[in-house]
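Open the model in your viewer and keep the selection tool at hand.

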Amino acid sequence: MGEVALWRRLTAEFAGSAFLAATVIGSGIAAAALSPGDTGLELLENAAATAAGLFSIILMFGPVSGGHFNPVVSFVDAVFGGLRWRDAAGYLAAQVSGCIAGAVLANLMFGRAAVSISAKDRATGAHFLSEVVATLGLLLVIFALARSGRARSAAAAVGAYIGAAYFFTSSTSFANPAITIGRIFSDTFAGIAPASAPAFIGAQVVGGALAVGLIKVLYPGVTPAEAERIVIPHLAESTTSDDAVSSDGSREIHR
């Protein structure tokens with residue numbers, strides 16, 4: 001069975017990343033406007049919108065690309081053989097450019113300058129540890145579901161995990177280098193100062209590396225076929241309404 005063309009997967013990763021950044025930043029702008037001065041309520045509104053949006057975005061684009069929208073997810077997938085390394089590099093470019101585009105879009109939707117560099121400093125030891133934990137947990141959720149044959153539950157599980165991690169981590173769980181870079185371009189509630197971004201990205205890489213080790217310990221039999229199903233199974237591996245039934249009753253996928 002053939003795989004989805006790379007250009008289609010990259011398009012899905014770009015568009016999904018743009019929607020993700022627009023959701024995170026746009027809901028942050030809206031929360032600050034709707035609940036000025038109430039940080040707890042602002043965070044709740046931002047977290048709820050992000051969790052629900054992430055669920056929907058994964059369902060929209062996941063059947064084409066897997067719905068990674070996160071370079072750490074893509075490169076850990078490559079470690080386990082579910083994605084070619086060169087494809088992971090392509091995913092990285094699509095994810096970062098998509099998140100920047102989404103940040104610009106969010107700024108424009110709320111009548112702000114297309115680009116405004118954030119001044120929100122977030123680089124502390126607690127934030128670094130939080131990003132390690134947030135990223136580690138995200139990868140464990142994704143691979144646990146793939147390993148146990150429940151990958152189709154990943155959209156809900158990932159959305160729920162990120163929504164919860166907004167509150168149980170002091171960093172509000174970026175857990176994604178691409179969205180970290182995208183948030184630099186919006187000086188709003190959800191932004192991050194450029195000087196803080198390297199520490200966040202470094203912590204996310206550390207979290208990804210720790211996840212590789214822990215996944216190997218917890219799920220030693222992870223196969224490339226299982227890794228291919230993260231975050232959710234691709235279109236090329238799924239039956240669709242366009243499938244044709246052959247004379248022997250089996251299904252043939254037309255592209």
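**Stop 1: a surface patch**

Select Leu41, Leu44 and Phe167. Together they make a nonpolar surface patch with about 270 Å² of accessible area. Patch members have over 30% relative accessible area and no salt bridge; like charges are joined within 9 Å, nonpolar side chains (Val, Leu, Ile, Met, Phe, Trp, Tyr) within 5 Å. Areas come from the Shrake-Rupley method with a 1.4 Å probe, and for residues only the protein chains shown count as cover.

This is a predicted model: local features need pLDDT of at least 70, side-chain atom pairs count only at pLDDT 80 or more, and totals for chains, interfaces and linings use all residues. Residues are numbered from 1 along each chain as its sequence is written, and side-chain values use heavy atoms, with hydrogens and water left out.

Now centre on Leu41. It sits in helix α2, residues 39-65 (helices are DSSP runs of H or I, at least four residues; strands are runs of E, at least two; both are numbered from the N terminus). Leu41 counts as partly exposed because its relative accessibility is 33% (buried is under 20%, exposed over 50%, partly exposed in between, with a 1.4 Å probe and protein chains only).

**Stop 2: the cavity**

How many cavities of 30 Å³ or more are there? The count is 1. A cavity is a set of points, on a 1 Å grid over the protein atoms alone, where a 1.4 Å probe fits but cannot get out; lining residues have an atom within 4 Å of a point. The largest cavity has a volume of about 220 Å³, the space filled by probe spheres set on the points, which are joined across faces, edges and corners.

Select Leu20, Leu54, Leu138, Ile162 and Asn176. Of the 21 lining residues, these lie nearest the centre of the largest cavity. Two or more lining residues come from each of α1 (6-34), α2, α5 (125-147), α6 (154-168) and α7 (177-184).

**Stop 3: salt bridges**

The structure has 5 salt bridges (a side-chain nitrogen of Lys or Arg within 4 Å of a carboxyl oxygen of Asp or Glu). Select Glu3, Arg9, Arg84 and Asp87: salt bridges link them in a network. Arg9 and Glu3 have their closest N and O atoms 3.5 Å apart. For Arg84 and Glu3 that distance is 2.7 Å. The latter pair links distant parts of the chain, 81 residues apart.

Finish at Arg147 and Glu226, a salt bridge at 3.0 Å. Arg147 lies in helix α5 and Glu226 in helix α9 (residues 224-227).

Note on methods: 1 Å grid on protein atoms, 1.4 Å probe; cavity = no way out; pocket = protein on both sides within 12 Å on 5 of 7 lines; lining within 4 Å.
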